[in-house]
Amino acid sequence: MIALQVNGRRVELAGPTPLLAYLETLGVSPRAVAVEHNGVIIERSTFENAKLDDGDIVEIVRMVGGGASAAPSL
């Protein structure tokens, strides 16, 4: 059993876990998130090499579409 912190919350996993497998358990598409692992932003192209381990600190941020709306016409 390992314990780590994900988005400020304690998470326990059965053992060291590949990042992609963890994202899958959350139902999160790897293409729709940015991940910081122990203070380092992980390039999406290297997600497959990242492994979550005991004591890690992880931040997972979902990308949200949108932007500034146009000012109303008067």
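**Close-up views of a predicted model**

**View 1. Strand β1 is largely enclosed by the rest of the structure, because four of its five residues are buried.** Here, buried means under 20% relative accessible area, exposed means over 50%, and partly exposed lies in between (1.4 Å probe, protein chains only). A strand is a DSSP run of E with at least two residues, a helix is a run of H or I with at least four residues, and both are numbered from the N terminus. Before you look further, please note that this is a predicted model, in which local features need pLDDT of at least 70, side-chain atom pairs count only at pLDDT 80 or more, and totals for chains, interfaces and linings use all residues. Residues are numbered from 1 along each chain as its sequence is written, and side-chain values use heavy atoms, with hydrogens and water left out.

View 2. Look for L4, whose bridge partner in β2 is V11. Two residues sit between the strands of this hairpin, and N7 takes a positive phi near 50°.

**View 3. Strand β7 pairs with both β1 and β4.** With β1 (residues 2–6), β7 (residues 57–62) runs parallel over two bridges, and Q5 has I57 as its bridge partner in β7. With β4 (residues 33–37), β7 runs antiparallel, joined by five bridges. On that side, H37 is bridged to V58 of β7.

**View 4. The largest nonpolar core has 17 residues.** Such a core is a set of buried Ala, Val, Leu, Ile, Met, Phe, Trp, Tyr and Cys residues joined through side-chain atoms within 4.5 Å. L4, L19, V35 and I60 touch the most other members. Two or more residues of this core come from each of β1, β2, α1 (19–26), β4 and β7. Follow I60 to its contacts (heavy atoms within 4.5 Å): leaving aside residues up to four places away in sequence, I60 touches V6, N7, Y22, L23, L26, V33, A34 and V35.

**View 5. R10 and E12 form a salt bridge.** Their side chains meet at 2.9 Å, N to O. The rule asks for a side-chain nitrogen of Lys or Arg within 4 Å of a carboxyl oxygen of Asp or Glu, and it gives a count of one salt bridge. R10 is exposed at 63% relative accessible area, while E12 is partly exposed at 46%.

Definitions and conventions:
Pairing = 2+ DSSP bridges.
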